[in-house]
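Please read the following report alongside the sequence and the coordinates. It moves from one chain as a whole to selected local features.

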Amino acid sequence: MTAESSSEVATVVRVRIPSPLRSYTGAREVDVAVPVLAPELPPTVGGVLASIDGAYPGLRFRMIDEQGHVRPHIRLFVGNVATRDLATPIARGEVLMIVAALSGG
Amino acid sequence: MARSSAAGRKAPARQARLLIATRKGLWTLTSDAARNGWTLAGPQFLGHIVHHAIADPREPRVHLAAARTGHLGPTIFRSQDNGRTWKEATRPPAFAHGSERVVDHTFWLTPGHADERGVFYAGTSPQGLFRSNDGGATWESIDGFNSHPQRKAWCGGDQDGTPDGPKLHSILIDPRDPKHIYIGMSSGGVFESFDGGADWRPLNRGVRADFLPDPAPDYGHDPHCVRFAAGNPDRLYQQNHCGIYRLDRPGETWQEIGVSMPKSVGSVGLPLAVHPRDPESLWVLPMDGTTVWPRTSPGGRPAVYRSRDGGKTWKRQDNGFPRSQAWWTVKRQAMTTDFRDPTGVYFGTTSGEVWGSRDEGRSFRCLARHLPHVYAIEAAA
């Protein structure tokens, strides 16, 4: 899942999109190309969300507040592991799943 | 009752049109020329919490809506075709990175001065003030307020204030001077700027704050809704947590005008609406502010009260309302007037009903029911 060009290297990460955010993507899953700054530095959750916002402007701010924190009712999973840390690395082949968890009426 | 209609229609010139922002989306009510028949259209943004939706009096086809959902962050939607299609702001209101403050929702929208097309102001929860110069596409912090060294003293902490979060509301632009701006804050009080928002000062003298240790502080008050009198920006009316007030500039001391309300009804409420042409005429909608503050129609017998003499006297208007067991709550943005003569008076309840009068409050009837919790009603020009 690595794409190369003459000037840059990018890793493609698959992201699962919850229904409240599909007005942006129009799809349940999207593949996001994340620039790879160095071979030893895997993409992070934050990098994936920055890239997805480039493709679907406005989506990131609905999930991440202006201080860089995951909003209270958003959950993120890298593979099967929940994280709220945008620095969490994403290994090749892993999927980032976004969950929008709403409760009450 | 209104008929249901899925699509917006081209409006006859003399119809009235209401934008109804609710906890679950945006609806419109459009009247016939006589304001007798009303057509309900919507929803748009179904499932979104729409705190406020406005039509721009400078360009009536331009609408703005402040929205979020339970799980997604706050944003602004803009329409340039009378609400048929909407685009999201590319940079919604947000505090500066590193400020440790987060906009929970945009609560209030106000068009800028008549000479400043494309300018809008937004008030947020917690209290923040933002400006757009491009029709609502991008929003900038007004740092003169958001970073003011006194801001925290004025507002308290972001966890203080009203149950749904402290709010900046009632942004009033002086029609004679775009740099002269008033704001209201719950909590915080009324503040004034003479330089377009670069600096601010409290303007609360005469207003009670009897929930504080010092009942007459410089700030820390709880204005619920502040409006200019029609055609007279030197007069402001205020529905406050502690009564109803009026301020005549250049004076700086508010006069309590709710004292002449019936004692059994009181002078607590959230909204206040003004007549579009008569500066002496205003409406309030009292709610129960006793004991634990039910904030429902006193005694379960709803009424609006109108003054035609700047608040010296009040007249009960309840023709058409239920006579008992009606426990309405009406939020601060959920009462307005239209631009017709005689003016229409409208309000929406948290139980999803919209009521209207086409004869300045002499008689009311229910225009829509079964809607979600109504947050705001605005008339489109």
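This is a predicted model: local features need pLDDT of at least 70, side-chain atom pairs count only at pLDDT 80 or more; totals for chains, interfaces and linings use all residues.

Residues are numbered from 1 along each chain as its sequence is written, while chains are lettered from A and ligands numbered from 1 in the order in which they are written.

Chain B contains 2 helices and 29 strands, where helices (H or I, at least four residues) and strands (E, at least two) are DSSP runs numbered from the N terminus. Its radius of gyration, taken over C-alpha atoms, is close to the value from the globule rule (2.2 Å times the number of residues to the power 0.38), so chain B is as compact as a globular protein of that length.

| Property of chain B | Value |
|---|---|
| Radius of gyration | 19 Å |
| Box of the C-alpha atoms along the principal axes | roughly 50 × 50 × 40 Å |

Buried residues make up 51% of the 381 residues in chain B; a residue is buried if 20 or more other C-beta atoms, placed from the backbone, lie within 10 Å of its own, exposed if 12 or fewer, and partly exposed in between. Of the contacts in chain B with a separation of 6 or more, 50% involve residues 24 or more positions apart, a contact being two residues whose C-beta atoms, placed from the backbone, lie within 7 Å.

One open sheet of chain B has 4 strands in the order 17-18-19-20 with antiparallel pairing, where two strands pair if DSSP finds at least two bridges between them. Its edges are strand 17 (223–229) and strand 20 (255–256), each of which pairs on one side only. Strand 18 (residues 232–240) and strand 19 (residues 243–248) of chain B are joined by 6 bridges, and Gln238(B) has Tyr245(B) in strand 19 as its bridge partner.

In chain A, helix 2 (residues 45–55) has buried residues including Val48(A), Leu49(A) and Ile52(A). The buried residues of this helix pack against several elements of chain A, among them helix 3 (59–63) and strand 6 (95–100).

Between the chains, 14 residues of chain B are in contact with 14 residues of chain A. Val102(B) lies in the loop between strand 8 (87–88) and strand 9 (105–111) of chain B, and, leaving aside neighbours within four places in sequence, is in contact with Asp65(A), Glu66(A), Gln67(A) and Phe95(B). Val102(B) counts as partly exposed because 19 other C-beta atoms lie within 10 Å.
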